[in-house]
Amino acid sequence: GNTTDITRALEYMGLLDIAREFFLFMSRQQSPDGSFRVRHHPETLYYEMWGYNLWGWAKHYALTRDEAFLRAVYPGVRRAMAWQAATVSRDPLGLWTPATVADDAFLKDCRQTGQHVWGLIGLRSAIKLAQAMGDEADVAQFEAQYARFRAAFEALLARQTAQTGGYIPPALERTTAGN
């Protein structure tokens, strides 16, 4: 799991103030460019962290309807979405670039399925946060980003599942193996 999963458990136990502080802490950890990076490895992109954080913020707001929390994290949502748009625009497939770190599936230098699924979750979460803010321009922009990313993801996934007989492998390219 990850710290967002743990924090979600705290919310379900009624420890909303602790969860709120964690999510606000994560908003302060966001890089100025809108990405989320591990401090000791700033060169490494853990794309799933991007999705974890947006999902965490959206679910916390959905559980609490804490308007002050929403207003506090929303500037980070906009930065995250700008970073995502810029990052995928540089990729020829319109996706996250190949992973630079081997994960628990021992995959490196390829697009990882799980990271892209977390990207989709993050995009949907950003849409929900924009809707909660009542910002129709952001909703439209974020929905368009989601549609482009999902179409690109599904195209690459279809090529992989054609090779696997239908199962979804941990990598979106180069191999159908993994841990």
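1. A residue counts as buried under 20% relative accessible area, as exposed over 50%, and as partly exposed in between (1.4 Å probe, protein chains only). Gln30, at 7% relative accessibility, is therefore buried.

2. A word on the model before going further: it is predicted, with local features needing pLDDT of at least 70 and side-chain atom pairs counting only at pLDDT 80 or more, while totals for chains, interfaces and linings use all residues. Residues are numbered from 1 along each chain as its sequence is written, and side-chain values use heavy atoms, leaving out hydrogens and water.

3. Back to Gln30, which you will find in the loop between H2 and helix H3 (47-64); helices here are DSSP runs (H or I, at least four residues), numbered from the N terminus. Not counting residues up to four places away in sequence, Gln30 touches Ser35, Phe36, Trp57, Gly76, Arg79 and Ala80, where contact means heavy atoms within 4.5 Å. The Gln30 side chain also reaches the backbone oxygen of Gly34 at 3.0 Å.

4. Now have a look at Arg150 in helix H6 (residues 136-164). Its relative accessible area is 37%, so Arg150 is partly exposed. The Arg150 side chain makes a polar contact with the side chain of Glu154 (2.5 Å); such a contact is a pair of N or O atoms within 3.5 Å, and within protein one must be able to donate a hydrogen and the other to accept it, with residues adjacent in sequence counting only if both atoms are side-chain atoms. Val117 is 33 residues from Arg150 along the chain, and their C-alpha atoms are separated by 9.2 Å.

Key
Helix = DSSP H or I, 4+ residues; strand = E, 2+ residues; numbered from the N terminus.
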